[in-house]
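I opened this notebook to record what I looked up in a structure that was new to me. The entries follow the order of my reading.

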Amino acid sequence: MDNKNIELITGEPKKAIIKLSIPIWITLIISFTYNLVDTVWVAGLGPGALSAIAFVGPIYMILVSIGTGIGAGASSLISRSIGANDHEHANNVGLHAILLGGILSIIPALLILFFMKPILILIGAGNVLNYAMDYSFIIFIFIFVFIYSSIGSSFFRAEGNVKRATRAVFLSSILDIILDPIFIYTFKLGIKGAALATVLSVTVSCSIMAYWLWIKKDNYLELTYKDFKLDLNIIKEILSLAIPATLETTISSIFALSINLLIMQVSNHISVAVFTTSMQIINVTAIPLNAIATALVTVAGVAYGAKNYENLKTAHSFSIKIGFLLSLIATIIMIIFSSQIATIFSYSSESAGLAPQIASTIRLLSLYVLLIPIGIMSSALFEAIGKGLYCLILTIIRSFLLILIFAYLFGIILGWGLNGIYAGIILGSFLGSIMGYIWAKIFIINRLIKKNLKEYIHEKKAQRNFNKN
């Protein structure tokens, strides 16, 4: 990192957050196109196909989160090795990450494939079982490709080569956009075509990253297998960082499956398709919030390391304010243009009937967008100061102890149906976000500032006593 970047992240927090978040925003938009493109093209096959992806999606995310977690752990260790000028250790960490990725991609994939049918029936996908089996079989057979994509990207980020990681993601997205309609409709493969297009696009992206790593060899990392030295401490350190990240994604996926089950109790698979499609739109509006949160992790982390807790406080507060402003704009746009947005996912005769339901669901769930900046930015603060466990606890409280309880209370017990489930999601998210904000603001930031003030006063007293003597 050059001096300008150092000056930026150690300088004025507001300026740093804005400048850092813009390129991150672009990268996240590119990444999001995977799911969005699949959803748009699969929508042409009808609500049954959309529902199948809704049921398979959370299971897929659990497996992919393995690669994300290993990548996060490896990236942290590689970055520290680079800082310590230990090139050999950095290479060995990379090789261990690849080994872990191979082991942890094969075992869960085989187990899920063996038990896929009963799992899908258990989570309520019985009405669309054929669609779900066709899609999941192809995706999970090649799950190692998705896991290695996450790990490979983490290698480039660890050594500061963000451009290559972004190019790989961009290429996957473009290929997915091109191949989806060809495989689904031209080759008449249906939902199998959507799965094959996704697998092929990610495989090409992985191949390019492999070319950069093992053929072109112009990176900091030199992953030569003859230099591999098994080190249980490296495995332990990678997993200690990977497990909390994986668990957080797993909890979010279980939450999505649980909401699907609640919807199936009060309605049918078409409502699951409507909810999942609407949440895809909601997730689009969260992209800039996640970009700001990622920037906040860097800025707040620097401030925490420097014990500049006023900058920590400023960064947290400013991120929430700008996040709320963007959420307000997004909510207004979704309410006004909900009907037009819904037509994107209901362009064929098979899915045309979904448009009114998607539009009304988008209008209702748009309120959810207003509430999430507080929670997202508070979780980012926990991550910045090395309290990853706090993020996990907050996710558990928000998703299980609040959202699911209220969704079940309003939707099932009180008999409010779908609207009750949606109301429970909104209220639970709001209360969870407020709890996260109070935790971050009062019990973290304010305590750090008070502690710093006490230390400053103590040092001044000690200095005065020294001068008197």
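Entry 1, basis. I note that the model is predicted, that local features need pLDDT of at least 70 and side-chain atom pairs pLDDT 80 or more, while totals for chains, interfaces and linings use all residues. Residues are numbered from 1 along each chain as its sequence is written, and side-chain values use heavy atoms, with hydrogens and water left out.

Of the 469 residues, 50% are buried (under 20% relative accessible area, with exposed over 50% and partly exposed in between, 1.4 Å probe, protein chains only).

I looked up helix H6 (residues 129–141) and helix H9 (residues 191–216), whose axes come within 8 Å and cross at roughly 20°. Axes are lines fitted to C-alpha atoms, for helices over the stretch in contact, and angles run from 0 to 180 degrees between N-to-C directions. H6 and H9 are therefore roughly parallel to each other (angles under 35 degrees). Residues in the contact (heavy atoms within 4.5 Å) include Tyr131 and Ile138 of H6 and Ala195 and Val199 of H9.

Lys188 lies in the loop between helix H8 (162–186) and H9, has phi near 55°, a positive value, and is exposed at a relative accessible area of 72%. Lys217, in the loop between H9 and helix H10 (232–266), has a positive phi near 50° and is exposed at 58% relative accessibility. Most residues other than glycine have a negative phi.

How values were computed
Helices (H or I, at least four residues) and strands (E, at least two) are DSSP runs, numbered from the N terminus. Angles under 35 degrees count as roughly parallel, over 145 as roughly antiparallel, 65 to 115 as roughly perpendicular and the rest as oblique.
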